[in-house]
Amino acid sequence: ELIPGLLDDTRANVVKATRPVSGEIGRLLMTKNPRWTAPAEPDPDDRTAWDEGTSAGRLEWFRALRRADPARARNLLADNFSRESVGNRVEFLGALNDGLSGADQDFLLAAVGDRRKAVAAAAITVLTQLPDSPVRRDMRTLAATHLTIGRRLLRSTVTVSDLGAGDFVPWPIPEGDPWTALLGRIDPTEWPQIFGGDWDQGTNP
């Protein structure tokens, strides 16, 4: 009963989430009822959805284009970015995570300068996925400046200095707790190299 109920739900986010994981039973049911058929993948060569579609339809088409041709998708977004609504700019930036590479960096750095905080924050979030991006590099340096782990005698020691919002300049000042924002912009696998000390043993004796 659960699978037919999910297949009957026509909300776009539910359809997208459930169709790929409905299993053999779901696929069998979809062959029996055309209403449950999985929606076709947008054609990245047909711009109709982009030029005339709803926000959700444009985003879905853009994701398909990004999967097919990352550079073409990025260039299209760059050409239209300033004309998009704040919400659309945030969504399209998030879509760049698919196929993300160093080639996207310049566009993302420009988006960091957007006057809307939500857009700048979205650009920062995507940039932190690029290991060699300037923001990732600066966050590593900032973290190492304010927190170090060492050992004294047989005990681990932790040295923490005050971290303020102004320490993030020239990057946008994050909202909320500065340490939460800082550590969220660093890959946890890099923490031992950044903070030093006997990381595997943490701060325990």
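A salt bridge is a side-chain nitrogen of Lys or Arg within 4 Å of a carboxyl oxygen of Asp or Glu. The model is predicted: local features need pLDDT of at least 70, side-chain atom pairs count only at pLDDT 80 or more, and totals for chains, interfaces and linings use all residues. Residues are numbered from 1 along each chain as its sequence is written, and side-chain values use heavy atoms, with hydrogens and water left out.

**View A. Salt-bridge network of Arg136, Arg140, Asp187 and Glu190.** Arg140 belongs to helix α10 (residues 134–146), whereas Glu190 sits in the loop between α11 (178–184) and α12 (191–195), 50 residues apart; helices (H or I, at least four residues) and strands (E, at least two) are DSSP runs, numbered from the N terminus. Glu190 is buried at 15% relative accessible area, and Arg140 is partly exposed at 21% (buried is under 20%, exposed over 50%, partly exposed in between; 1.4 Å probe, protein chains only).

**View B. Salt bridge between Asp104 and Arg74.** The closest N and O atoms are 2.8 Å apart. Asp104 lies in the loop between α7 (86–95) and α8 (105–112) and Arg74 in helix α6, so the pair ties together parts 30 residues apart in sequence. Both Asp104 and Arg74 are buried.

**View C. Hairpin of β1 and β2.** Strands β1 (residues 147–152) and β2 (residues 155–160) pair in the antiparallel sense over six bridges; pairing requires that DSSP finds at least two bridges between two strands. Ile149 stands opposite Val158, and Arg152 has Arg155 as its bridge partner. Two residues separate the strands, and Leu153 takes a positive phi near 60°.
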